[in-house]
Amino acid sequence: GRSNKSNHDYYDYHREMHLKRRYGLSVEQYNAMLDAQDNRCAICDYIFGQKKGDIHVDHCHESGHVRGLLCDKCNLALGLVNDDIAILQAAADYLAKDQSNE
């Protein structure tokens, strides 16, 4: 089997290739985004690193533009509504209306 160092190198290489190929990001750019977001989800403030694979690169599926780094739940939520601002606003309005009825 591979040593721990070679496993780490293998992971780093594939992570670097994935970021570059999928999002056009270098590892340095990704790390700068992570630092700028204080290692937290851009939407809900979840602290990254609490479980493996909890950081997702959020991007516009039409233009490919990278918007930020999100946690699993926020990334899934945006995907489920197809990044539709009107649906998200309607959901926020719905929740606000329910809170005003309490």
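The side chains of Arg40 and Asp45 meet in a salt bridge, at 3.9 Å from N to O. A salt bridge here is a side-chain nitrogen of Lys or Arg within 4 Å of a carboxyl oxygen of Asp or Glu. The structure holds five salt bridges. This is a predicted model, in which local features need pLDDT of at least 70 and side-chain atom pairs count only at pLDDT 80 or more, while totals for chains, interfaces and linings use all residues. Residues are numbered from 1 along each chain as its sequence is written, and side-chain values use heavy atoms, with hydrogens and water left out.

**Salt bridges**

- Arg40 is partly exposed, with a relative accessible area of 24%, and Asp45 is partly exposed at 46%.
- Buried means under 20% relative accessible area, exposed means over 50%, and partly exposed lies in between (1.4 Å probe, protein chains only).
- Asp58 and Arg67 meet through their side chains in a salt bridge of 2.7 Å, N to O.
- Asp58 is buried, with a relative accessible area of 7%, whereas Arg67 is partly exposed at 41%.
- Asp83 and Arg67 also form a salt bridge, at 2.9 Å from N to O.
- This pair links distant parts of the chain, 16 residues apart: Asp83 is in the loop between α3 (72-80) and α4 (85-100), and Arg67 is in strand β2 (residues 66-70).
- Asp83 is partly exposed, with a relative accessible area of 28%.

**Helix α2**

- Helices (H or I, at least four residues) and strands (E, at least two) are DSSP runs, numbered from the N terminus.
- In helix α2 (residues 27-36), the buried residues are Val27, Tyr30, Met33 and Leu34.
- Seen down the axis of α2, these buried residues fall within an arc of 125°, so they line one face of the helix; the arc is that of the directions from the helix axis to the C-beta atoms.
- An α-helix has 3.6 residues a turn, so residues three or four places apart point the same way.
- Glu28, Asp35 and Ala36 are exposed residues on the face of α2 turned away from its buried side.
- Asp38, which follows α2, has a positive phi, near 55°.

**Strands β1 and β2**

- β1 (residues 56-59) pairs with β2 in the antiparallel sense over four bridges; two strands pair if DSSP finds at least two bridges between them.
- His56 stands opposite Leu70 in β2.
- The hairpin of β1 and β2 has six residues between the strands, and Gly64 in this hairpin takes a positive phi near 85°.

**Largest pocket**

- The largest pocket has a volume of about 540 Å³.
- On a 1 Å grid over the protein atoms alone, where a 1.4 Å probe is used, a pocket is an open set of points with protein on both sides within 12 Å along at least five of seven lines, and lining residues have an atom within 4 Å of a point.
- The lining has 23 residues, of which His18, Gly53, Ile55, His56 and Val57 are the closest to the pocket centre.
- α1 (4-23), β1 and α3 each supply at least two residues of this lining, and α1 gives the most, with six.

Conventions. Grid points are joined across faces, edges and corners, and a volume is the space filled by probe spheres set on the points.
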